[in-house]
Amino acid sequence: MAKICLCLTGSTIAQDLAALEQYRDKVDMVELRADYLEPGELFHVRAFPEKAGLPSILTVRRRSDGGQFDLGEGVRLVIFARGLAFADSDTRKNFSYIDIEYDFDIPSIQEAARTFGTRIIRSKHCMQGIPANIDSVWRNLSARPYEIPKLAVRATGLSDVDAMFRLFEGGDGKSERVVVGMGEYGFCTRVLAERLGSMLVYASASGEGIEPAAPGQLEPERLLSIYRAKAYKAEWDLYGILGGPAVIHSLSPEIHNAGFSALGLESLYLPFPADDVEPFISLARRIDIKAFSVTVPYKEKILPYLSRRSPEVDAIGACNTVVRHVSELIGYNTDAHGFSADLRAFLGMESLAGVKATIIGAGGGAKAAAYALSSLGAHVCIINRSMSKAKHLAEVYGFEWSGLTERASEMIERYNDLIVQATPLGLEGGQGGDPLEWYEFSGREALYEMIYAPPETPVMRRARAAGCRVTNGLGMLHAQATAQFSLFTGLDYPRSIHLA
Ligand code: NAP
């Protein structure tokens, strides 16, 4: 099982020890990143393992390798020498490991490490993605006896991640190694460290003023509670969600993994931030992802890759669920079901016959809403920034439509029993804003906001203040996810889990 190693990036050793106390019972070892320490603290690194009381790694990472250290090789050597030199190491704890780069070759340090029982992690940081000659790089790195090779790649896309899994397919004959993909695209390599044969997975502390040593590092609590890091085994079935960079913040892993856990299934669901669909499909085949969710911006881009589509996918023109069956990819859409179920619960109505509704947006979410509203018998108007997309979507169902022009104000006045907000304006970490700033709520409208993070968007705040009934997209997320769970597993989502 990959050990969880907490990466400490405080500017003082006291700060690092305080951060460790927060996570002591959740991690197996710690890495002291001496390159983050103030110069005066560097004299005290030797005392760290004793104070930490956990197996410790000493690392002094140069800027060129993604670290902070720029005091020169001479000073770096002195830090390693001081960190290692313990004549009375029988009674006091030494560093268990030092992490030194492939081009650091100082025999006296390496000899001292061996003498004091400190293992050497020999690392190569590929900051521009995976190099073309990765096979020979890894061969050289892992050729040194007594050393643990480490490959850290800042993934420039999912094809780098795919190449990392290819490299370690079937093992490489080396029982100990450390492998990590950095950056947003490398996220899955952290959760799947065990699958890559990595002996450890780096985690970072969270809190004000604390920065992760490498982008994409997870907090130990998330690794343990959402991704079941202590239980996960390389043979488990894999599921995931394909999306843009923001998919790292998706709630879907929490929902699906809680379901797997409650049913005792040896399955894991994780986000795959992707630069495109193609490299994800290649990775999915390599690591045998059984089924996956699809979110922004790939719900339409996934269509050409599907071997078969459900009637909803054909009607809506977007797919949010893919199940692999041997080499076939079968596409479904559970967004329309999720929206319809939650909307009916929100309005307390089974049929929307006679209800006049506006949808703002014409993307994947809006298409699912249009399909559901049409099925429920509502009269609808589509308003969208790109007029052609509004027109195209409206014409499928015989709805009215408008661009963001003066006509939109006149239109919404006629279709305002229900307003469905289906643009990303107001989304957490996004561009913010209110897509309806030109519209004054009367108080009689019901507003269905598809966004669920943040729980209240600016347009929700304004509508609520005017006296409207308002809801966000959390209920839709849950309803579409539980339908997805059944497609993934053939089982009902456990009732014992209260999704709120
Ligand atoms: P999408 O396919 O990318 O479509 C986005 C829509 O928003 C497009 O119609 C786009 O207009 C419009 N838009 C984007 N930026 C805009 C701006 N600055 N001003 C005005 N309009 C803008 O995205 P989607 O999948 O439909 O998702 C839309 C939102 O719904 C997202 O926030 C997503 O998280 C949410 N959603 C939630 C759930 C759920 O389960 N709760 C499910 C699906 C979607 P153009 O056509 O002009 O580009």
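User: What covers the buried residues of α1?

Analyst: The cover includes β1 (3-8), β2 (29-33), α2 (48-52) and α8 (220-225). Contact, on which this rests, means heavy atoms within 4.5 Å. Helices (H or I, at least four residues) and strands (E, at least two) are DSSP runs, numbered from the N terminus. The model is predicted: local features need pLDDT of at least 70, side-chain atom pairs count only at pLDDT 80 or more, and totals for chains, interfaces and linings use all residues. Residues are numbered from 1 along each chain as its sequence is written, and side-chain values use heavy atoms, with hydrogens and water left out.

User: Which residues of helix α1 are buried, and why are they said to line one face of the helix?

Analyst: Helix α1 spans residues 13-23, and its buried residues are I13, D16, L17, A19, L20 and Y23. Viewed down the axis of α1, these fall within an arc of 160°, so they line one face. The arc is taken from the directions from the helix axis to the C-beta atoms. Buried means under 20% relative accessible area, exposed over 50%, and partly exposed in between (1.4 Å probe, protein chains only).

User: Why is R33 called buried?

Analyst: R33 has a relative accessible area of 5%, and the limit is under 20%, so R33 counts as buried. R33 is found in strand β2. Setting aside neighbours within four places in sequence, R33 is in contact with C7, L8, T9, T59, R61, G66, G67 and A213.

User: How many disulfides does the structure hold?

Analyst: The structure holds zero disulfides, a disulfide being a pair of cysteine sulfur atoms within 2.5 Å. C188 is in none, and the nearest cysteine sulfur, that of C126, is 16 Å away. At 1% relative accessibility, C188 counts as buried.

User: What makes both faces of strand β18 count as covered?

Analyst: In β18 (residues 418-421), L418 and V420 on one side and I419 and Q421 on the other are all buried.

User: Which strand pairs with β18 in the parallel sense over four bridges?

Analyst: Strand β15 (residues 356-360) does; two strands pair if DSSP finds at least two bridges between them. T358 has I419 of β18 as its bridge partner. Strand β19 (residues 446-449) also runs parallel to β18, joined by four bridges, and there Q421 stands opposite E449.
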